[in-house]
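Dear colleague,

Please find the structure below, together with its sequence. My notes on it follow.

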Amino acid sequence: MYGWIWRHLPGPVAVRAITAVLLVAGVVALLMFVVFPWAEPKLPFNQVTTQ
Amino acid sequence: MSTVDHSDPPVSDTRVGPAGGGNRRDPVRTAVRAIGELLITAGLVVLLFVVYEVYVTDITSAAKQRDATAALDQEWQQSTPEEQQQRQEHYDGPEGSGIAKMYVPAFGADYSFTILRGTTEKTLEVGPGHYTESGDPGLPGNFAVAGHRVGKGAPFNDIDLLNSCDAIVVETRFSWFVYRVLPKADEVADWASRAADPRCTGVGPLGAPYDRVVGQEIVSPTQGSVILPVPNRDDVTDNAGATASLMTLTTCHPRFSDRERLVVHAVMVKQWAKNPDKPGETPPELKETS
């Protein structure tokens with residue numbers, strides 16, 4: 001999977017490396033700001049009130 | 001990404017034949033590698049979630065808590081002359097608005113949180129939330145507050161470390177209320193030995209109907225009776241009908257789990273009206289930081 005992505009990135013190695021870092025940063029940002037805030041209330045970690 | 005090395009000639013491939021294209025096109029190998037990469041990725045995502053939960057939410061919540069505190073300060077400063085005259089507290093703002101500040105000197109002089117109205121997920125991201133159906137600060141009944149233990153500023157991270165007689169100071173627009181943690185279950189029997197401690201003045205087993213109220217308890221999440229006017233007694237439903245002024249803190253337990261709830265009960269032992277002429281005055285209990 002990662003090999004496939006690497007081989008399909010355009011440009012010389014340096015450009016590919018920068019693109020790869022940007023891709024990783026994008027995925028991390030997506031997780032941090034969209035996926036985790038959405039998933040967190042659904043997980044059994046942090047309910048602090050009694051019913 | 002070091003596993004991605006397809007340029008080497010197949011060294012150990014003995015199956016080169018009419019059907020073989022070398023390692024590169026071996027579907028089994030490709031599939032196994034893909035599964036492995038997915039599993040590693042999943043592990044990294046879980047680790048990242050821990051970072052998010054424990055650190056990142058702290059950062060965003062700290063900013064929200066700052067805003068809430070600033071808004072509350074401003075609201076207090078903008079009291080109308082009539083309000084100043086009557087010194088009437090009101091906590092009827094919208095869900096998520098600040099109603100009071102809490103201090104726990106035992107956690108250090110910088111431990112201060114603005115308590116907000118309501119206990120929705122969104123409110124608790126900002127700071128400790130007041131169960132709206134529970135009592136108001138300083139009044140008879142039970143002033144119950146929920147707070148996060150992990151992430152989101154973790155206001156109640158350490159409330160398991162609160163000892164009996166530790167002060168929880170609540171500041172409202174016109175007053176300071178000093179609550180102190182009640183004797184814990186194993187201290188009730190021998191409480192006389194602690195009564196000499198000046199910090200324990202006014203603290204002690206409360207007697208009936210409070211005989212089921214101790215300083216700290218761990219309950220199931222469904223045990224909503226801990227925030228009743230008389231905790232764990234459902235025959236008193238009106239806060240005004242209670243004889244003591246209690247404060248109850250709830251958070252999740254054990255840490256990183258919501259299997260149970262950690263509950264701390266405290267009783268009000270003192271209150272001060274703020275002196276309008278000395279706006280910066282604070283009660284001496286705030287200095288009990290040792």
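In which strand of chain B is the place of Cys252(B)? Cys252(B) sits in strand S8, residues 245-253 of chain B; helices (H or I, at least four residues) and strands (E, at least two) are DSSP runs numbered from the N terminus.

Please note that this is a predicted model, in which local features need pLDDT of at least 70 and side-chain atom pairs count only at pLDDT 80 or more, while totals for chains, interfaces and linings use all residues. Residues are numbered from 1 along each chain as its sequence is written, chains are lettered from A and ligands numbered from 1 in the order in which they are written, and side-chain values use heavy atoms, with hydrogens and water left out.

The annotated site

UniProt, in an unreviewed entry, places the feature "active site" at His148(B) and Cys252(B); its positions are given in the numbering used here, feature names are shortened, and annotations may be inferred rather than shown by experiment. His148(B) belongs to the loop between strand S4 (141-146) and strand S5 (167-171) of chain B. His148(B) is buried at a relative accessible area of 0%, and Cys252(B) is likewise buried at 0% (buried means under 20% relative accessible area, exposed over 50%, partly exposed in between, with a 1.4 Å probe and protein chains only).

Chain A reaches both residues. Leaving aside neighbours within four places in sequence, His148(B) has contacts (heavy atoms within 4.5 Å) that include Asn46(A) and Val48(A).

The interface

In total, 20 residues of chain A are in contact with 37 residues of chain B. The two chains bury about 2,600 Å² between them, 63% of it on carbon and sulfur atoms; buried area is the accessible area (1.4 Å probe) that two parts lose on being put together, summed over both. Tyr2(A), Val48(A) and Thr50(A) supply 25% of the area that chain A buries against chain B, more than any other three residues.

Between chain A and chain B there is 1 salt bridge, a side-chain nitrogen of Lys or Arg within 4 Å of a carboxyl oxygen of Asp or Glu. Glu40(A) and Lys152(B) form a salt bridge whose closest N and O atoms are 2.8 Å apart. On the side of chain A that touches chain B, helix H1 (2-8) and helix H2 (13-39) each supply at least two residues, and H2(A) gives the most, with 5 residues.

UniProt also lists residues 13-36 of chain A as "transmembrane region", again in an unreviewed entry. That span is 100% helix and 0% strand, and its end C-alpha atoms lie 32 Å apart.

Salt bridges within chain B

Over all chains the count is 15 salt bridges. Lys64(B) and Glu125(B) pair at 2.7 Å, N to O, linking helix H1 (residues 27-77) to helix H3 (residues 121-126) of chain B, 61 residues apart. Lys270(B) and Glu285(B) pair with their closest N and O atoms 3.1 Å apart. Lys270(B) is in strand S9 and Glu285(B) in the segment after S9, so this pair ties together parts 15 residues apart in sequence. Lys270(B) is partly exposed at 41%, whereas Glu285(B) is buried at 4%. Finally, salt bridges that share partners join Arg149(B), Asp158(B), Asp160(B) and Arg255(B) into one network.

With kind regards
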